[in-house]
Amino acid sequence: GEGKLNFKGKDYPFSIDGLTVVDIGITKASASGDVYNLTDLAKFPGTYVAAEAGFTLAGGMGGMVLRNQEGVVMHIRSVSKGAKLQLGTSGLNIKLKQ
């Protein structure tokens, strides 16, 4: 997948590998989230692993808290109703696009 990080007023596109949506009938889903502990853009890329158990939001939307090797934390929540996010066995890999 792909995403966009807004950091210090500028958008940075990135690619995502290792996050799947689990639900029958959903072929495309989207997610949004908040990023914490990001002091330098260079600390954003990397492998994120589960920092806490997943959570369920009102309306059945799911979410998860992830942390990378630099201590950057992401709170991700699915936007597609009924979609459940699932982290791959090797974590979530994020790379900034050029």
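This is a predicted model: local features need pLDDT of at least 70, side-chain atom pairs count only at pLDDT 80 or more; totals for chains, interfaces and linings use all residues.
Mentor: Let's start with Asn68: its side chain makes a polar contact with the side chain of Tyr48, at 3.3 Å.

Trainee: Why is that called a polar contact?

Mentor: The term covers a pair of N or O atoms within 3.5 Å; within protein, one must be able to donate a hydrogen and the other to accept it, and residues adjacent in sequence count only if both atoms are side-chain atoms. Residues are numbered from 1 along each chain as its sequence is written, and side-chain values use heavy atoms, with hydrogens and water left out.

Trainee: What lies 2.8 Å from a polar atom of the Asn68 side chain?

Mentor: That's the backbone oxygen of Lys43. Lys43 belongs to the loop between strand 4 and strand 5, whereas Asn68 lies in strand 7. Strands here are DSSP runs of E, at least two residues, and helices are runs of H or I, at least four residues, both numbered from the N terminus.

Trainee: How do you know whether Asn68 is buried or exposed?

Mentor: Check the relative accessible area: under 20% is buried, over 50% is exposed, and in between is partly exposed, using a 1.4 Å probe and protein chains only. Asn68 has 5%, so it counts as buried. Lys43 has 29%, so it is partly exposed.

Trainee: Which residues does Asn68 touch, not counting those up to four places away in sequence?

Mentor: Contact means heavy atoms within 4.5 Å. For Asn68 the list is Lys43, Phe44, Pro45, Thr47 and Tyr48. Lys43 touches Asn68 too, along with Leu38, Tyr48, Glu70 and Val72, again skipping residues up to four places away.

Trainee: What makes Phe14 and Phe44 an edge-to-face pair?

Mentor: A search of the whole structure finds two aromatic pairs. Phe14 and Phe44 form one that is 5.1 Å centre to centre, with 75° between the planes. Phe14 sits in strand 2 and Phe44 in the loop between strand 4 and strand 5, 30 residues apart. Rings of Phe, Tyr and Trp (its six-membered ring) pair if their centres lie within 6.5 Å; planes under 30 degrees apart are stacked, over 60 edge-to-face, and the rest tilted. So 5.1 Å makes Phe14 and Phe44 a pair, and 75° makes that pair edge-to-face. Ring pairs link Phe14, Phe44 and Tyr48 into a cluster.

Trainee: Are Phe14 and Phe44 buried or exposed?

Mentor: Phe14 has a relative accessible area of 8%, so it is buried. Phe44 has 1%, so it is buried as well.

Trainee: Which residues have the most contacts inside the largest nonpolar core?

Mentor: They are Leu5, Phe44, Tyr48, Leu66, Met74, Leu92 and Ile94, in a core of 14 residues. Strands 1, 7, 8 and 10 each give two or more residues to this core. A nonpolar core is a set of buried Ala, Val, Leu, Ile, Met, Phe, Trp, Tyr and Cys residues joined through side-chain atoms within 4.5 Å. In soluble globular proteins, nonpolar side chains tend to be buried together.

Trainee: What makes Glu2 and Lys97 a salt bridge?

Mentor: Their side chains meet at 3.0 Å, N to O. Glu2 is in strand 1 and Lys97 in the segment after strand 10, 95 residues apart. A salt bridge needs a side-chain nitrogen of Lys or Arg within 4 Å of a carboxyl oxygen of Asp or Glu, so 3.0 Å qualifies. Lys4 and Asp11 meet at 3.9 Å, so they qualify too.

Trainee: How do you know whether Glu2 and Lys4 are buried or exposed?

Mentor: Glu2 has 61% relative accessible area, so it is exposed. Lys4, at 59%, counts as exposed too. Asp11 has 38%, so it is partly exposed.

Trainee: How many helices and strands are there in the protein?

Mentor: Zero helices and ten strands. Buried residues make up 26% of its 98 residues.
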